[in-house]
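Dear colleague,

My notes on it follow directly after.

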Amino acid sequence: MRPTRAARLGTATALVTLFACTPVAAAAAATADSAQAMGRDRVITLIGRLAQQSHFPVNPGGAPAQGDRTVFRSILFDKDGINQVGETDGTCTTTTVDNGGAEECVVTYTLADGQISAQGMVFGNLNPGPPPSFDNAITGGTGEFDRARGQIHADTIGPGTRRFTIDLDR
(Lines give C-alpha, C1' and ligand atoms only; values in the text may rest on other atoms or scores of the structure.)
Protein backbone atom coordinates (compact mmCIF):
# COMPACT_ATOMS: atom_id res chain seq x y z
CA MET A 1 0.00 0.00 0.00
CA ARG A 2 1.50 3.31 -0.96
CA PRO A 3 1.65 6.02 1.75
CA THR A 4 -1.17 7.95 0.07
CA ARG A 5 -3.51 5.01 0.42
CA ALA A 6 -2.65 4.52 4.06
CA ALA A 7 -3.27 8.21 4.68
CA ARG A 8 -6.55 8.14 2.81
CA LEU A 9 -7.70 5.15 4.85
CA GLY A 10 -7.55 7.41 7.89
CA THR A 11 -9.18 10.31 6.10
CA ALA A 12 -12.04 8.14 4.94
CA THR A 13 -12.39 6.64 8.38
CA ALA A 14 -12.30 10.11 9.80
CA LEU A 15 -15.37 11.02 7.90
CA VAL A 16 -17.22 8.12 9.35
CA THR A 17 -19.60 9.23 12.06
CA LEU A 18 -22.76 10.50 13.45
CA PHE A 19 -25.75 9.31 15.32
CA ALA A 20 -29.02 7.39 15.59
CA CYS A 21 -30.15 3.92 16.60
CA THR A 22 -33.56 3.73 18.06
CA PRO A 23 -32.56 3.86 21.75
CA VAL A 24 -29.66 6.22 21.13
CA ALA A 25 -31.74 8.48 18.87
CA ALA A 26 -34.55 8.65 21.40
CA ALA A 27 -32.13 9.56 24.18
CA ALA A 28 -30.37 12.07 21.91
CA ALA A 29 -33.69 13.64 20.91
CA ALA A 30 -34.72 14.04 24.56
CA THR A 31 -31.31 15.53 25.35
CA ALA A 32 -31.53 17.82 22.33
CA ASP A 33 -34.98 19.09 23.33
CA SER A 34 -33.86 19.94 26.86
CA ALA A 35 -30.54 21.37 25.60
CA GLN A 36 -32.35 23.58 23.08
CA ALA A 37 -34.85 24.69 25.70
CA MET A 38 -31.88 25.80 27.81
CA GLY A 39 -30.25 27.55 24.82
CA ARG A 40 -27.40 25.03 24.36
CA ASP A 41 -26.16 23.14 21.31
CA ARG A 42 -26.80 19.42 20.86
CA VAL A 43 -23.56 17.39 21.09
CA ILE A 44 -23.40 13.72 20.06
CA THR A 45 -20.34 11.46 20.25
CA LEU A 46 -20.08 8.40 17.98
CA ILE A 47 -17.52 5.84 16.86
CA GLY A 48 -16.97 5.15 13.14
CA ARG A 49 -15.35 2.02 11.69
CA LEU A 50 -14.28 1.79 8.05
CA ALA A 51 -16.20 -0.94 6.18
CA GLN A 52 -15.28 -0.39 2.50
CA GLN A 53 -12.90 1.84 0.61
CA SER A 54 -11.80 2.22 -3.03
CA HIS A 55 -9.07 4.42 -4.49
CA PHE A 56 -9.09 5.99 -7.93
CA PRO A 57 -5.64 7.51 -8.51
CA VAL A 58 -4.92 9.90 -11.37
CA ASN A 59 -1.52 8.18 -11.83
CA PRO A 60 -2.12 4.46 -11.06
CA GLY A 61 1.05 3.09 -9.46
CA GLY A 62 2.59 6.58 -9.40
CA ALA A 63 2.96 9.43 -6.97
CA PRO A 64 -0.08 11.06 -5.32
CA ALA A 65 -1.64 13.70 -7.56
CA GLN A 66 -4.30 16.38 -7.55
CA GLY A 67 -7.59 14.70 -8.46
CA ASP A 68 -6.92 11.35 -6.73
CA ARG A 69 -10.24 10.17 -5.29
CA THR A 70 -11.22 7.90 -2.40
CA VAL A 71 -14.76 6.51 -2.05
CA PHE A 72 -15.76 4.98 1.28
CA ARG A 73 -18.47 3.50 3.48
CA SER A 74 -18.26 3.31 7.27
CA ILE A 75 -20.42 1.87 10.01
CA LEU A 76 -21.39 4.15 12.92
CA PHE A 77 -21.70 3.02 16.53
CA ASP A 78 -22.78 4.66 19.79
CA LYS A 79 -20.13 6.43 21.89
CA ASP A 80 -19.21 3.13 23.57
CA GLY A 81 -18.66 1.44 20.19
CA ILE A 82 -21.26 -1.25 20.93
CA ASN A 83 -24.59 -0.52 19.20
CA GLN A 84 -24.68 0.12 15.46
CA VAL A 85 -26.53 3.39 14.80
CA GLY A 86 -26.03 4.16 11.11
CA GLU A 87 -23.51 4.47 8.31
CA THR A 88 -21.69 7.01 6.21
CA ASP A 89 -20.94 7.16 2.51
CA GLY A 90 -18.64 9.70 0.93
CA THR A 91 -15.81 10.78 -1.32
CA CYS A 92 -12.56 12.68 -0.80
CA THR A 93 -10.66 14.32 -3.64
CA THR A 94 -7.02 15.36 -3.35
CA THR A 95 -6.66 19.09 -3.96
CA THR A 96 -2.92 19.45 -3.26
CA VAL A 97 0.04 17.17 -2.63
CA ASP A 98 2.27 19.97 -1.26
CA ASN A 99 2.93 20.45 2.47
CA GLY A 100 1.49 17.10 3.55
CA GLY A 101 -1.47 17.16 1.17
CA ALA A 102 -5.10 18.21 1.46
CA GLU A 103 -8.43 16.69 0.48
CA GLU A 104 -11.95 18.08 0.00
CA CYS A 105 -14.47 15.58 1.39
CA VAL A 106 -18.25 15.28 1.02
CA VAL A 107 -20.09 12.79 3.25
CA THR A 108 -23.69 11.69 3.87
CA TYR A 109 -24.55 10.18 7.26
CA THR A 110 -27.59 7.91 7.09
CA LEU A 111 -29.29 7.50 10.45
CA ALA A 112 -32.59 6.11 11.73
CA ASP A 113 -34.26 9.55 11.78
CA GLY A 114 -32.76 11.15 8.68
CA GLN A 115 -29.56 12.09 6.91
CA ILE A 116 -26.87 14.66 7.63
CA SER A 117 -24.57 16.09 4.97
CA ALA A 118 -21.09 17.37 5.78
CA GLN A 119 -18.12 18.68 3.85
CA GLY A 120 -14.75 20.31 4.31
CA MET A 121 -11.00 20.07 4.05
CA VAL A 122 -8.70 17.51 5.64
CA PHE A 123 -5.08 18.71 5.81
CA GLY A 124 -1.95 16.58 6.24
CA ASN A 125 -3.50 13.43 4.80
CA LEU A 126 -0.22 12.47 3.04
CA ASN A 127 1.94 12.79 6.18
CA PRO A 128 3.23 9.55 7.72
CA GLY A 129 1.65 8.34 10.95
CA PRO A 130 -1.94 8.27 12.14
CA PRO A 131 -4.50 10.20 10.11
CA PRO A 132 -4.88 13.83 11.23
CA SER A 133 -7.76 15.18 13.29
CA PHE A 134 -10.11 17.48 11.40
CA ASP A 135 -13.22 19.66 11.64
CA ASN A 136 -15.85 19.69 8.88
CA ALA A 137 -19.04 21.71 8.46
CA ILE A 138 -22.52 20.24 8.71
CA THR A 139 -24.22 21.67 5.63
CA GLY A 140 -27.77 20.28 5.91
CA GLY A 141 -29.91 17.24 6.47
CA THR A 142 -33.27 15.52 6.16
CA GLY A 143 -35.91 14.27 8.60
CA GLU A 144 -34.99 15.06 12.20
CA PHE A 145 -31.88 16.81 10.88
CA ASP A 146 -33.66 19.09 8.40
CA ARG A 147 -31.75 22.40 8.22
CA ALA A 148 -28.92 20.99 10.36
CA ARG A 149 -25.89 23.22 10.90
CA GLY A 150 -22.80 22.89 13.05
CA GLN A 151 -19.54 20.99 12.84
CA ILE A 152 -18.02 17.53 13.21
CA HIS A 153 -14.66 17.03 14.94
CA ALA A 154 -12.86 13.72 14.25
CA ASP A 155 -9.96 12.05 16.07
CA THR A 156 -8.23 8.77 15.22
CA ILE A 157 -8.57 6.36 18.16
CA GLY A 158 -7.28 3.17 16.49
CA PRO A 159 -6.58 1.64 13.07
CA GLY A 160 -9.61 2.31 10.85
CA THR A 161 -11.49 3.83 13.81
CA ARG A 162 -12.43 7.42 14.60
CA ARG A 163 -14.31 9.21 17.38
CA PHE A 164 -16.66 11.86 16.05
CA THR A 165 -18.00 14.71 18.12
CA ILE A 166 -21.01 16.20 16.34
CA ASP A 167 -21.93 19.68 17.53
CA LEU A 168 -25.32 20.66 16.11
CA ASP A 169 -26.13 24.34 16.44
CA ARG A 170 -29.39 25.06 18.16
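The notes below cover the disulfide, the aromatic rings and the nonpolar core, in that order. Please bear in mind that this is a predicted model.

The structure contains one disulfide. Its partners are cysteine 92 and cysteine 105, with their sulfur atoms 2.1 Å apart. This pair links distant parts of the chain, 13 residues apart: cysteine 92 belongs to strand β3 (residues 84-96) and cysteine 105 to strand β4 (residues 102-111). The torsion about the S-S bond is about 115°, so the disulfide is right-handed. Residues under 20% relative accessible area count as buried; cysteine 92, at 1%, is therefore buried, and cysteine 105, at 0%, is buried as well.

As regards aromatic rings, the structure has zero aromatic pairs. Arginine 49, however, lies over the face of phenylalanine 77, at 4.3 Å from the ring centre.

The largest nonpolar core comprises 22 residues, and those touching the most other members are Tyr109, Ile116, Ile138, Ile152, Phe164, Ile166 and Leu168. Two or more residues each are given to this core by β1 (42-56), β2 (69-77), β3, β4, β5 (114-123), β6 (134-141), β7 (150-158) and β8 (161-168). Strand β4 supplies the largest share, four residues.

Leaving aside neighbours within four places in sequence, isoleucine 138 is in contact with several residues, including Ile116, Ala118, Ala148, Ile152, Ile166 and Leu168. Ser117, Arg149, Gln151 and Asp167 are also among its contacts.

With kind regards

Definitions and conventions
Residues numbered from 1 in each chain as written. Predicted model: local features only at pLDDT ≥ 70, side-chain atom pairs only at ≥ 80, totals over all residues. Heavy atoms only, no water. Disulfide = S-S within 2.5 Å. Buried < 20%, exposed > 50% of the residue type's maximum accessible area, 1.4 Å probe, protein only. Phe/Tyr/Trp six-rings, centres within 6.5 Å; stacked < 30°, edge-to-face > 60°. Lys NZ or Arg CZ within 6 Å of the ring centre and 35° of its normal. Core = buried A, V, L, I, M, F, W, Y, C linked by side-chain atoms within 4.5 Å. Contact = heavy atoms within 4.5 Å.
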